[in-house]
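Welcome! Please take a moment to look over the sequence and the model, and then we can walk through them together.

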Amino acid sequence: MVIDAHAHVFKPLVKNDIEVLEDSRKNGVEAVVNSADSPKEYNRLLKQHEMFPDFLFVTFGFGPSRFYEYDLERAKKLIIEHKKDLVAIGEIGLDHYWVKDSTLQKRQREVFIELIKFSNELNLPLVIHSRKAEDEVVNVLSQFAEVPVLLHSFDGKPPAIKKALDLDYYISIPTAVVLRKNYKRVAHHTPLENMTIETDAPFLSPIPKERNQPKYVIYAAKMIAEIKELELSEVITQTTKNARLFYKI
Ligand SMILES: [Zn+2]
């Protein structure tokens, strides 16, 4: 049985969220970690966790691509208030694809550092987003993070991968590894001991033109087995173990 270490299956993004989660559970997924991007989504996730306490796990985050639209202080208050229902803080990070303005990038970095320090204080692990900023993300984390780190859908170059592995971070390979060379390269350079698998559903689908969902996480496991010439069962057992260790679930 597989674990989807990172997804966004919740309203309003996924209208039939409960149906999709139930269907995933029936199709071999033993847990899903749903990650909020903004305080607007926190309530829906808490409700899902209440409905599926041993299956659906929650992280509260602060999306780096639209961070300026949300209230950081409110987010921090909610995180403290619901700490016992959370398995990590995230996703947080740096996004230089959507945020190109240098003043905003500077502010994004400040928010990122502030939230890393906040995670240290609360002793909650970190789920990290990075886009067009992989080296900087790993650099900032190496300076400030004192908690376990998972780099979700990471597609850094080999030196950034090496630095992350030296720090014993987890690297989460998305289902889009089926279609994209850059994720294949990351899977090739990451040992199974430091790897988790994820869908990032409803994004990064392994099937063109189809919405992604947690039950497709098996696509990532199969492709990793192929790339690393391992048995599928070995990939499943190790990535499930890693996800349980990282999130303490
Ligand atoms: Zn995500």
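Does Ser205 count as buried or exposed? Ser205 counts as buried, because its relative accessibility is 14%; buried means under 20% relative accessible area, exposed over 50%, and partly exposed in between, with a 1.4 Å probe and protein chains only. Before we go on, please keep in mind that this is a predicted model, in which local features need pLDDT of at least 70 and side-chain atom pairs count only at pLDDT 80 or more, while totals for chains, interfaces and linings use all residues. Residues are numbered from 1 along each chain as its sequence is written, and side-chain values use heavy atoms, with hydrogens and water left out.

You will find Ser205 in the loop between β8 and α8; helices (H or I, at least four residues) and strands (E, at least two) are DSSP runs, numbered from the N terminus. A polar atom of the Ser205 side chain lies 2.8 Å from the backbone oxygen of Glu210. Leaving aside residues up to four places away in sequence, Ser205 touches Ala176, Leu179, Glu210, Arg211 and Asn212, where contact means heavy atoms within 4.5 Å.

Now for the nonpolar interior. A nonpolar core is a set of buried Ala, Val, Leu, Ile, Met, Phe, Trp, Tyr and Cys residues joined through side-chain atoms within 4.5 Å. The largest one has 75 residues, and Leu126, Leu141 and Leu151 have the most contacts inside it. Helix α4 (residues 102–122) gives the most to this core, namely seven residues. Leu141 touches Phe112, Ile116, Leu126, Ile128, Val149, Leu151 and Tyr169, not counting residues up to four places away in sequence. Another core, of 13 residues, lies apart from it and includes Val33, Phe57, Tyr170 and Phe246.

Leu141 leads us on to helix α5, where Glu134, Val137, Val138, Val140 and Leu141 are buried. They sit on the same side of α5 because they cover an arc of only 165 degrees around the axis; the arc is that of the directions from the helix axis to the C-beta atoms. The buried residues of α5 pack against β4 (86–95), α4, β5 (126–131), β6 and α6.

So let us turn to helix α6 (residues 158–166), whose buried residues are Ala160, Ile161, Ala164 and Leu165. Because they cover an arc of only 135 degrees around the axis, they lie on the same side of α6. They pack against α5 (134–144), β6 (149–152), β7 (170–174) and α7 (181–189). The face turned away from this buried side carries the exposed residues Pro159, Lys162 and Asp166. Just after α6, Asp168 takes a positive phi of about 65 degrees.

How values were computed: A polar contact is a pair of N or O atoms within 3.5 Å; within protein, one must be able to donate a hydrogen and the other to accept it, and residues adjacent in sequence count only if both atoms are side-chain atoms.
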